[in-house]
Amino acid sequence: MSFLSSTTHLHITTWVIALVLFFIAALASKKLTGVHMALRVMYILIIISGGALFLEWRDKISESGMNYDMKVLFGILVIGFMEMVLVRKGKGKSVNLFWILFAVALLVTLYLGLSMGIGMNF
């Protein structure tokens, strides 16, 4: 297995695990500090593996233009909105706006990531 293939699998695995942990923590009736901390470790792994993919593929697929740059931006926004939902929920504040922003950023990120040269063709 090549480095790129293993990096792609690592990246996909980490964001899937992060989404599962996020929904467990966000939908739990009580504060799950351990899950939140594990989620933060996943954030780091997502950023490292995503950065490696970004550096590897950005210049190789010329037709993508700024799509990779936009995917990085929206990916970071997804992580930020996930964290905002959990922190605000823990403080008892309203999270409705951040759920909406999270959903929009996640959908844009998934579309950009899967529609580029190393993803699926939509």
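Mentor: Start with helices. Helices are DSSP runs of H or I with at least four residues, strands are runs of E with at least two, and both are numbered from the N terminus. This is a predicted model, where local features need pLDDT of at least 70, side-chain atom pairs count only at pLDDT 80 or more, and totals for chains, interfaces and linings use all residues. Residues are numbered from 1 along each chain as its sequence is written, and side-chain values use heavy atoms, with hydrogens and water left out.

Trainee: How many helices and strands are in the protein?

Mentor: The protein has 4 helices and 0 strands. Along the sequence the pattern reads α-α-α-α.

Trainee: Where does His 11 lie, and is His 11 buried or exposed?

Mentor: Buried means under 20% relative accessible area, exposed means over 50%, and partly exposed is in between (1.4 Å probe, protein chains only). His 11 sits in helix 1. Its relative accessibility is 9%, so His 11 counts as buried. Across the protein, buried residues make up 34% of the 122 residues.

Trainee: What does His 11 touch?

Mentor: A contact means heavy atoms within 4.5 Å. Setting aside residues up to four places away in sequence, His 11 touches Ile 46, Ser 49, Gly 50, Leu 53 and Lys 71. Thr 14 is also in helix 1. It is buried because its relative accessibility is 3%.

Trainee: Which residues have the most contacts inside the largest nonpolar core?

Mentor: A nonpolar core is a set of buried Ala, Val, Leu, Ile, Met, Phe, Trp, Tyr and Cys residues joined through side-chain atoms within 4.5 Å. The largest one here has 23 residues, and those with the most contacts inside it are Ala 18, Phe 22, Leu 39, Val 78, Met 82, Leu 86 and Phe 102. Two or more core residues come from each of helix 1, helix 2 (33–57), helix 3 (67–90) and helix 4 (96–115). Helix 3 gives the most, with 7 residues. Look at Ala 18: apart from neighbours within four places in sequence, it contacts Leu 39, Met 42, Ile 46 and Met 82.

Trainee: Now the surface. Which residues form a nonpolar patch there?

Mentor: Patches take residues with over 30% relative accessible area and no salt bridge; like charges are joined within 9 Å, and nonpolar side chains (Val, Leu, Ile, Met, Phe, Trp, Tyr) within 5 Å. Accessible areas come from the Shrake-Rupley method with a 1.4 Å probe, and for residues only the protein chains shown count as cover. Here Ile 12, Val 16, Val 20 and Ile 24 form the patch, with about 300 Å² of accessible area together. Ile 12 is in helix 1 (residues 3–27). It counts as partly exposed because its relative accessibility is 36%. The accessible surface of the protein is about 7,500 Å², and 72% of it belongs to carbon and sulfur atoms.

Trainee: How many salt bridges does the structure hold?

Mentor: A salt bridge is a side-chain nitrogen of Lys or Arg within 4 Å of a carboxyl oxygen of Asp or Glu. The structure holds 1. Glu 83 and Arg 40 form it, at 2.5 Å from N to O. Glu 83 is in helix 3 and Arg 40 in helix 2, so the pair links distant parts of the chain, 43 residues apart. Glu 83 is buried at 17% relative accessibility. Arg 40 is partly exposed at 31%.

Trainee: How many aromatic pairs are there?

Mentor: Rings of Phe, Tyr and Trp (its six-membered ring) pair if their centres lie within 6.5 Å; planes under 30 degrees apart are stacked, over 60 edge-to-face, and the rest tilted. The structure has 7 aromatic pairs. One of them, Phe 23 with Phe 102, is edge-to-face, at 6.1 Å centre to centre and 70° between the planes. Phe 23 is in helix 1 and Phe 102 in helix 4, so the pair ties together parts 79 residues apart in sequence. Trp 99 and Phe 102 have ring centres 6.0 Å apart and planes at 80°, so this pair is edge-to-face. Both lie in helix 4, 3 residues apart, about one turn of the helix. Phe 22, Phe 23, Trp 99 and Phe 102 form one aromatic cluster.
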